[in-house]
Amino acid sequence: MIKLIENMIRSAIDKSVDKMITTAIRDQYTENLFEMIPTAGKIGMINLMEIAMRGHQGTPISRPLGSPIRLSPWEKILFNPVHLCRFPTQESIGIDTSVTIGPRAKKPMTISIPIMIAAMSFGGALSKSAKIALAKAATAVGTATNTGEAGLMKEEREEAQLLIGQYNRGGWMNTPDKYKQLDAIEIQLGQGAQGSCHQRTSSKNIGEDYREVFGLKEGEAAIIHSRLPGVHTKDDFIQLVRRLQYETGVPVGLKIAATHHLEKELQIAVESGVDFITLDGTEGGTHGGSPTLQDDVGLPTLFAISRAKQFLTRKGLVRDISLIATGGLATPGQMLKAMALGADSVYIGTAAIMALVGEQVVRAVPFEPPTSLVVYTGKRTSQLDVDQAAMGLIRFLNASMMEMEQVAVTLGKTALSGITKADLCVMDPFLAKATGIQLGYVAPEEQSQFFDETKPFFLSPDHVGYDESTIHH
């Protein structure tokens with residue numbers, strides 16, 4: 001009987017496919033469903049769907065988790081293992097993974113590992129259960145988690161041994177009774193996926209617990225302004241930084257979306273005396289932002305970190321101001337490369353969420369996306385097992401650190417902080433020139449000769465968008 005049913009199903013599928021192919025071949029192209037294939041190839045499947053969504057909504061659409069476009073070419077950077085010129089680290093020697101954020105602050109913050117949990121707000125992004133799970137995991141591995149643009153949530157503060165809070169454009173963390181409870185203060189002026197654009201959460205998506213943490217009245221919307229309230233000049237910002245440092249003693253830093261105006265922004269940050277700087281590349285995630293802001297605004301994480309490190313080096317402030325990288329860092333290799341380029345530590349957001357829901361994703365799919373388990377407005381948030389979620393993230397962080405330590409061993413280093421650009425090579429001459437990493441094509445002593453001899457090739461207008469396969473001609 002089963003064999004008979006299988007044969008009937010196979011026959012039906014065969015006939016349906018035959019008819020579909022025959023119809024596609026015989027129909028005029030303008031009447032053919034197949035026209036969607038070249039159209040999708042021309043426009044892109046994501047763009048095609050988002051065109052339809054805009055046509056339906058008539059307002060900017062809200063895309064979760066950031067841009068699918070990857071502009072930081074991490075895969076073109078490689079670590080240089082050693083064998084004899086410097087010996088690998090012996091397995092009996094431990095690798096130091098600790099980092100101190102804001103070393104010149106009265107009360108610096110030291111984390112056991114250089115990976116922190118990125119700013120993801122309660123209510124505006126995540127559910128209370130998800131925020132508690134993130135805090136539990138961060139505490140278990142000795143790192144910090146970030147409140148995001150929200151008020152101070154009591155449960156998060158209780159679970160987080162180290163809590164970074166954002167002094168934000170909504171104003172919900174901006175009073176002494178809240179920011180004096182933090183281990184570090186991050187003044188949030190923008191984020192990679194949305195720049196400095198304003199945002200609004202409708203009152204219909206705000207529950208009682210949300211209103212309590214944010215101090216909102218019933219029926220009141222949550223509004224993130226394009227500017228920080230009370231900060232309209234450079235001097236306003238400088239005074240704010242110094243006041244927060246004086247009142248709290250904890251590290252006070254700045255978070256901005258990475259931008260081609262980077263050095264101008266950093267100059268003001270330096271003048272204010274910030275203890276750390278967080279740069280969020282254009283690959284950064286978000287709960288929901290318009291595709292145009294995500295895809296077409298900002299600067300890739302890799303180049304932002306490289307430029308910031310070069311700026312701080314010129315100013316002689318590398319040891320005084322901590323640099324934190326965030327925006328699309330998904331693998332231990334990418335995180336460690338960001339550190340080698342100059343970041344003291346990194347934030348992870350999307351990767352942390354995926355690790356959080358990992359084993360529990362079956363509770364959502366196939367009828368709901370995995371994020372429905374963790375976002376504030378998700379349909380499956382009540383099904384998230386907080387302890388299991390925290391354990392998934394703990395394991396991910398532990399595994400990531402083990403892989404970073406393996407790289408340190410093969411580089412002959414005893415601390416992750418000792419890994420620098422000198423431990424890298426790059427497989428792209430333009431990237432080599434932009435970052436100062438040596439080109440892997442040729443020996444170290446031949447770098448200058450290579451670029452001198454190939455300069456006419458690279459400066460030619462015909463080769464600005466060069467093809468690597470022609471570089472040897």
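Entry 1, confidence. pLDDT is the predictor's confidence in each residue, on a scale from 0 to 100. I noted that this model is predicted. I found an average pLDDT of 91 for the protein, and 96% of the residues score at least 70. I then looked up residues 464–473, where the pLDDT is below 50. This stretch still has 15 contacts in the model beyond near neighbours in sequence.

I looked up helix H4 (residues 128–141) and helix H14 (residues 386–411). Their axes come within 8 Å and cross at roughly 40°. I wrote down the crossing of H4 past H14 as right-handed. On the H4 side, the residues that meet H14 include Ile-132, Leu-134 and Lys-136. Among the H14 residues that they meet are Asp-387, Leu-393 and Asn-398. By class, I have 12 nonpolar, two polar and two charged residues in this contact.

Where does Ser-62 lie? I found Ser-62 in the loop between helix H3 (45–57) and strand S1 (77–79). Is Ser-62 buried or exposed? Its relative accessible area is 53%, and exposed means over 50%, so Ser-62 is exposed. Leaving out residues up to four places away in sequence, Ser-62 touches Gly-288 and Gly-289. I also looked up Leu-244, 182 residues from Ser-62 along the chain. The C-alpha atoms of Ser-62 and Leu-244 are separated by 34 Å.

Key: Residues numbered from 1 in each chain as written. Predicted model: local features only at pLDDT ≥ 70, side-chain atom pairs only at ≥ 80, totals over all residues. Heavy atoms only, no water. Contact = heavy atoms within 4.5 Å. Axes fitted to C-alpha atoms, helices over the stretch in contact; angles between N-to-C directions. Helix = DSSP H or I, 4+ residues; strand = E, 2+ residues; numbered from the N terminus. Left-handed = near helix turned anticlockwise from the far one by under 90°. Nonpolar A, V, L, I, M, F, W, Y, C, P; charged D, E, K, R; others polar. Buried < 20%, exposed > 50% of the residue type's maximum accessible area, 1.4 Å probe, protein only.
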